Amino acid sequence: MTAAALLDQLHTTFGFSAFRGVQDQVVGRVMAGQSTLAVMPTGAGKSLTYQLPAAMLPGTCVVISPLIALMHDQVGALHEAGVNAAFLNSTLDAEEARQVERELMSGRLTLLYAAPERILTPRCLAMLASLHERGLLSLFAIDEAHCVSQWGHDFREEYLGLSALHEQFPGVPRVALTATADEHTRADIIQRLQLEE
């Protein structure tokens, strides 16, 4: 993918004429298939570093986040930008969840947001395995990645299961994102999720 194509998509879909800070470096690594840890301050545009590749790669990007409000906000913004996105979380009733699952399995979703507990259920893992077999799983984006580290203040045990993603879905790149992580926490995230910094 050329730099010009990335900038064109950045402008036409997201309305930006240029990258900010290290966005271009992170996007470049994701587009090259590298699994990466991105530490970027709040407000630096972390979400763009997976949303832009998701808009350009075939298949679905799975965004793993513990924040329901963020899922709602980002899916709403993506719809406004013309990007097909959805979330699977506890705010959906059974029929709404089944509709999202149908969209996912059809290969029509560009981004799917879900919490780690949902992603790691046998049902969800089976759906992702089916997508992977069909070449329709483009990327995993792990938001609030400091939650995987026992060195951090916000450790969440359910994040530990995400360490198996690289084994269950070989060849699918992973980008882990966090606003703050000291040296110990960064090293722990990289080791647990098998990433590069």
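Leu109 sits in the loop between α5 and β4 (111-114). Helices (H or I, at least four residues) and strands (E, at least two) are DSSP runs, numbered from the N terminus. The structure is a predicted model, in which local features need pLDDT of at least 70, side-chain atom pairs count only at pLDDT 80 or more, and totals for chains, interfaces and linings use all residues. Residues are numbered from 1 along each chain as its sequence is written, and side-chain values use heavy atoms, with hydrogens and water left out.

Leu109 counts as buried because its relative accessibility is 2%. Buried means under 20% relative accessible area, exposed over 50%, and partly exposed in between (1.4 Å probe, protein chains only). Neighbours within four places in sequence aside, Leu109 is in contact with Gly59, Thr60, Asn84, Ala85, Ala86, Val100, Glu103 and Leu104. Contact means heavy atoms within 4.5 Å. Leu109 and Pro122 are separated by 13 residues in sequence, and their C-alpha atoms lie 20 Å apart.

An open sheet is formed by six strands. Their order is β1-β6-β5-β2-β4-β3, with parallel pairing. Two strands pair if DSSP finds at least two bridges between them. β1 (36-39) and β3 (85-88) are the edge strands, each pairing on one side only. From one strand to the next, the twist averages 20°.

Strand β2 (residues 60-64) is largely enclosed by the rest of the structure, because five of its five residues are buried. Both of its faces are covered. Thr60, Val62 and Ile64 are buried on one side, Cys61 and Val63 on the other. β2 pairs with β5 in the parallel sense over five bridges. Here the bridge partner of Cys61 is Leu139 of β5. With β4, β2 forms four bridges, again in the parallel sense. Val63 stands opposite Tyr113 in β4.

Ala38 has Leu177 of β6 as its bridge partner. Helix α9 (residues 183-193) packs on the sheet and touches β1, β5 (137-142) and β6. The direction of α9 makes about 155° with that of β1. Axes are lines fitted to C-alpha atoms, for helices over the stretch in contact, and angles run from 0 to 180 degrees between N-to-C directions.

Helix α5 (residues 94-106) packs against helix α7 (residues 122-133) at about 25°, with the axes 9 Å apart. The two helices are therefore roughly parallel to each other. Angles under 35 degrees count as roughly parallel, over 145 as roughly antiparallel, 65 to 115 as roughly perpendicular and the rest as oblique. α5 contributes Glu101, Leu104 and Met105 to the contact, and α7 contributes Arg123, Met127, Ser130 and Leu131.

The largest nonpolar core has 64 residues. Such a core is a set of buried Ala, Val, Leu, Ile, Met, Phe, Trp, Tyr and Cys residues joined through side-chain atoms within 4.5 Å. Tyr50, Leu111, Tyr113, Leu128, Phe140 and Ile142 have the most contacts inside it. Residues up to four places away in sequence not counted, Leu128 touches Val62, Ile119, Leu137, Phe140 and Phe169.

Glu144, in the loop between β5 and α8 (165-168), has a positive phi near 55° without being a glycine. Gln194 lies in the segment after α9. Its phi is also positive, at about 55°, although Gln194 is not a glycine. Gln194 counts as partly exposed because its relative accessibility is 42%.
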